[in-house]
Amino acid sequence: APVRVAFSRENSIYIMDLDGGEPLRLAEGYDPEISPDGSMVAFTAYIGGPDGGDRRIAVVDTDTKKVTVIDNIPGDNSYGPRWSPDGSQLLFNHWDPEGDDWVLATASPDRTGFRVPIPGLKGVYSPFWSADGKYAYCQNLVKLFRIDVAAGTVVDERPLEEVTGEVALMSSAVRFSVSPDGGLWLFDAEVEDTAGLMKRGEPLSSAVFLHTTADGETIRLTPEDVCAMQPEWLPGGEFLYTAYEPGKPGGGRNEDYPFSVYRAPLDGGTPVLLAEVADRPSASR
């Protein structure tokens, strides 16, 4: 099956084939993540509008455009769904009103099985799955936690800097993407804006990094004169990412900070523009 790419554009979710074609609008929402088989896109839906509505996890069928809000999730603030490798579960950020903090949660796309694997692990962000789907990861800006989802236990924790290196600056918005064999991790992080990309004087930009699990090496993939974020693996050793580069096509949510989605090889080859006025790409397998 052809690889399908979902992305966000002006508060809506779109889908297109990786090899081209006109993007198709699926639904209103944010944070899209397409399922491994390309049949559904999970996303963050604002119920009541983005200016004060609830944040809910929802899925949309890519053929029928039918939207299903996963309404068995308690509370009114969940966002950023990530599909398990087998497409059976969603992992996401969930605000626990009783604990008054962010926790890692899971649910099934059929509106069943909501669960907080470790209720006591609070103040965590950036959830993502291991390549085999057995473990989930999250971070609290200082440590990286590996969680056995079925058992509900933390099986490993280590300094986050061992993965991100000393150059990358962590925030709650960091996104990780694991290669199909689990050996390579893409992630984005804030960095010092040495190229002066930010037009309003902000001191930080963003870059995409590659971490190799076998030797612990972490390298920066994107150059200093590009603001890059939200990496996503593609089959065949390429990756997608969102970028702002002065003089290149774009025009995102405000004209002073345009975004576009690119695809690029890991070996440093020339990036290819995939979708203008777009961000938050994800790809089927």
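By class, how many nonpolar, polar and charged residues are in the lining of the second largest pocket? The lining has 14 nonpolar, 6 polar and 5 charged residues. Here Ala, Val, Leu, Ile, Met, Phe, Trp, Tyr, Cys and Pro count as nonpolar, Asp, Glu, Lys and Arg as charged, and the others, Gly among them, as polar.

Before going further, note that this is a predicted model, in which local features need pLDDT of at least 70, side-chain atom pairs count only at pLDDT 80 or more, and totals for chains, interfaces and linings use all residues. Residues are numbered from 1 along each chain as its sequence is written, and side-chain values use heavy atoms, with hydrogens and water left out.

**Confidence**
- The chain has a mean pLDDT (the predictor's confidence in each residue, from 0 to 100) of 91, and 93% of its residues reach 70 or more.
- For residues 249–254 the pLDDT is below 50, and this stretch has 24 contacts (heavy atoms within 4.5 Å) beyond near neighbours in sequence.
- Where pLDDT is low, the predicted coordinates should not be read in detail.

**The second largest pocket**
- A pocket is an open set of points on a 1 Å grid over the protein atoms alone, where a 1.4 Å probe fits, with protein on both sides within 12 Å along at least five of seven lines; lining residues have an atom within 4 Å of a point.
- The second largest pocket has 25 lining residues, and Glu33, Ser177, Val178, Glu232 and Arg285 lie nearest its centre.
- Among the elements that give two or more residues to this lining are β4 (30–34) and β19 (227–234); strands are DSSP runs (E, at least two residues), numbered from the N terminus.

**Cysteines**
- A search of the whole structure finds 0 disulfides (pairs of cysteine sulfur atoms within 2.5 Å).
- Cysteine 138 counts as buried because its relative accessibility is 1%, where buried means under 20% relative accessible area, exposed over 50% and partly exposed in between (1.4 Å probe, protein chains only).
- Cysteine 227 is buried too, at 1% relative accessibility.

**Positive phi angles**
- Asparagine 11, in the loop between β1 (4–9) and β2 (12–17), has a positive phi near 70° without being a glycine.
- Valine 277, in the loop between β22 (272–276) and β23 (279–283), is not a glycine either, yet its phi is positive at about 50°.

**Alanine 27**
- Alanine 27 sits in strand β3 (residues 20–28) and is buried because its relative accessibility is 5%.
- Leaving out residues up to four places away in sequence, alanine 27 touches Ser12, Ile13, Phe43, Val60 and Val67.

Notes
Helix = DSSP H or I, 4+ residues; strand = E, 2+ residues; numbered from the N terminus.
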